[in-house]
Amino acid sequence: MKTLATSLSVGLFTLFAFPSSLYAIPCTLWQWPGSHYVILISVIGGVIFLFGVFYRNRALKQKLRLRSQQIDKINTQLEQQYTLFRAIFADSPEVSNFSLDRDYCYLSFNKKHKESIKEIFGTEIRCGMSIFSALDKHQFQTTIKANCDRVLAGESFVLIDEYKADDESSLYWQGFWSPTLANTGKVKSISCFMLNISELTKAEKALKDSAYLLRESERVSQIGSFIMNYKTGLLTCSEELHRIIGIDKTYPHSIEGWYALVHPDWCERVEAHFQEIYAQRKLFDYEYPIRRFSNGEERWIHGLGEIELDSNNEPLRMIGTIQDVTTRKDAQDKILYLSYHDQLTGLYNRRYYEEELKRLDVERNYPLTLVMADVNGLKLVNDSFGHSFGDELLKKVAEVMRKACRGDDIIARLGGDEFIIILPNTDRNEAEKIVKRIHSCATEEKIGSIEISISFGYETKYSCVQNIEEVLKKAEDHMYTMKLFESPSMRGRTVTAIARTLNENNKAEDIHSKQVSDLCVRMGEALGLPENEIVELKTVGLLHDIGKIAIDGSILTSPTPLDNAGWGEVKRHSEIGYRILRTVNDMAKMAEDVLAHHERWDGQGYPKGIKAEQIPLFARIIAIADSYDAMTNERSYREAISKEEAIEELRKNSGTQFDPELVQIFIEKIIQP
């Protein structure tokens, strides 16, 4: 083996050192023994192997060189990415990032996060510290804990958290939360990247608030906005404008679609106005009615807009607003109506009458007739039944006049019970027919049991030579002349109706009045009064409580004794009765008797406090008869007393409440104990 190794070494050395000796190899091969051939073959194989290794190592070196270049390139990219990473996350002034282990302790954090914790919570954080220690028991801990638990459950999510600072201002953080997984798939840590989006959020909130404020302002003021594009013919509307005109997004938003909403009676005027605005580049400012598309309801709108021009000074679009002014228009119409109409009757008022009389007092309206009218007995009705009843009477009179007059006639209430009618192109004969129609309609109407009575006077102007004021004066004089004849009989009928109404509404009062009247007649006979005075005494006995027509029925029929306020109301009835009866000419003396029938002999009665013979005789008689009947008949609040007890009461009050002589006559000759 040693010889073989030596030979192999020599051969290899010779081969490499002296390549020219290769030509001697064939000569030598023939002289070698067989074992040398084996050695030669091994040497040749070894040489081939060495050459293979040499070339393989060379290829490997080339591959290694290429791989090194690739690694250098990757390292360069990683370095760049790491620099970018640090710029974005580690050193970013906007991004706060950190990672926590499963026990909520810091594994890492960037500069921004550290500074934020220091600034907000005053804590200097370090790795290994619990994040909850860093938050220093702040209420934000609950939110962080909930987010961490979601990540530990394997969830990745993005959310925005609001943090309230000590000065009550808000900070908004957008957090990107995600888990870091181990090879086993188990969550080993929590990663979070947080962006301070406070300014953006506040800006968005301010924008939303501004949009909300705009919408609410439009809604409250009922103003919608629009853009009308002249080039495309399209219309852009705000949400409030949709509501005002009753359309939705499916309705044709075009100029033609808008014209379709305009009230038919106003279409031509609105279109002409739009064309004028377009041609003259003027400000659009116009009110007109529309019909809402959704329900056909008529609404008034006020359009206000300005035209924008393009570079060629041609109208490009109109930007403006539409306000629903229906409520204002209705209020204006109501104010206008009230300014020219009587609020109670709905007829025209004095202001309108005076303006119309000036307008109509022209030759084309001649003959022009003025009719003055006055309601008879209104004051009597007001005193008896109250002003609300009198108001109903006036409204019924207005209704009668409207029914009997022509459509173009002007009917006005001048005030109180006075009315006037202007009849253009109407002579005296035609005016007389109209007045008769009114009288005829009035006789068919009543307010309760009260008849309607109206006195009329009229005069006609036939030419411009006549003074309209003189015409009016003559009509008024004629009316007052008629009133002298018609009013007394009307008042008499009214008084009768009042007494009938009182008795119909209160049967006890009816019986009481008749019994008092009967006692008065018997007293008149006992005193030897003339027949005409006995008739008058009978009548005043019937009417002595007529004033109770204006007293609340619940007071008159109260089941318990009245308090001071209730008695105060009842005591008014003598004055009311006086006002009712004094309006009738032949009842003036009766009115005085009714007024005084609650006066006392000692001057302690009401309403005037007169005494003794200052009290009218009939009033003194009524006082005794009234008291006796009241005591011996049951009342709603007490039982009746016996005749003997009543006589004792009369005797006890003789000379204080009652005339002593009349009491003695009443006891001895009328009730006869």
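A word on the basis first. This is a predicted model, where local features need pLDDT of at least 70 and side-chain atom pairs count only at pLDDT 80 or more, while totals for chains, interfaces and linings use all residues. Residues are numbered from 1 along each chain as its sequence is written, and side-chain values use heavy atoms, with hydrogens and water left out.

Let's begin with the five-stranded sheet. Its order is β7-β6-β10-β9-β8, and the sheet is open with antiparallel pairing. Strands here are DSSP runs of E with at least two residues, helices are runs of H or I with at least four, and both are numbered from the N terminus. Two strands pair if DSSP finds at least two bridges between them. At the edges stand β7 (235-237) and β8 (284-291), each with a single partner strand, so one side of each has no neighbour in the sheet. On average, neighbouring strands are turned by 25° against each other, direction ignored.

Staying with β8, eight bridges join this strand to β9 (residues 298-309), and the two run antiparallel. If you want a place to look, Tyr286 stands opposite Gly303 in β9. Now for the helices on this sheet. Helix α10 (residues 267-280) lies across β6 (223-229), β8, β9 and β10 (315-324), and runs at about 155° to β8. Helix α11 (residues 326-340) also packs on the sheet, where it touches β8, β9 and β10, and its direction makes about 120° with that of β9. Contact means heavy atoms within 4.5 Å. Axes are lines fitted to C-alpha atoms, for helices over the stretch in contact, and angles run from 0 to 180 degrees between N-to-C directions.

Next, the four-stranded sheet. This one is open too, in the order β12-β13-β11-β16, again with antiparallel pairing. Its edge strands, β12 (410-415) and β16 (454-461), each pair on one side only. The twist from one strand to the next averages 20°. Between β11 (residues 368-375) and β16 there are eight bridges in the antiparallel sense, and Val371 has Tyr458 in β16 as its bridge partner. Helix α12 (residues 350-360) lies across β11, β12 and β13 (418-423), at about 135° to β12.

Over to β5 (residues 187-196), which pairs antiparallel with β1 (residues 95-101) over seven bridges. Nine bridges join β5 to β4 (residues 170-181), also antiparallel. In the β4 and β5 hairpin, five residues lie between the strands, and Gly185 takes a positive phi near 90°.

So how do α18 and α23 cross? The axes of α18 (residues 531-543) and α23 (residues 617-632) come within 11 Å and cross at roughly 50°. From α18, Glu533, Glu536, Leu537, Val540 and Gly541 meet Phe618, Ile621 and Ile622 of α23.

Last stop: the structure holds 14 aromatic pairs, meaning rings of Phe, Tyr and Trp (its six-membered ring) with centres within 6.5 Å. Tyr104 lies in the loop between β1 and β2 (106-109) and Phe132 in helix α5 (residues 131-135), so the pair ties together parts 28 residues apart in sequence.

Technical notes:
Rings of Phe, Tyr and Trp (its six-membered ring) pair if their centres lie within 6.5 Å; planes under 30 degrees apart count as stacked, over 60 as edge-to-face and the rest as tilted.
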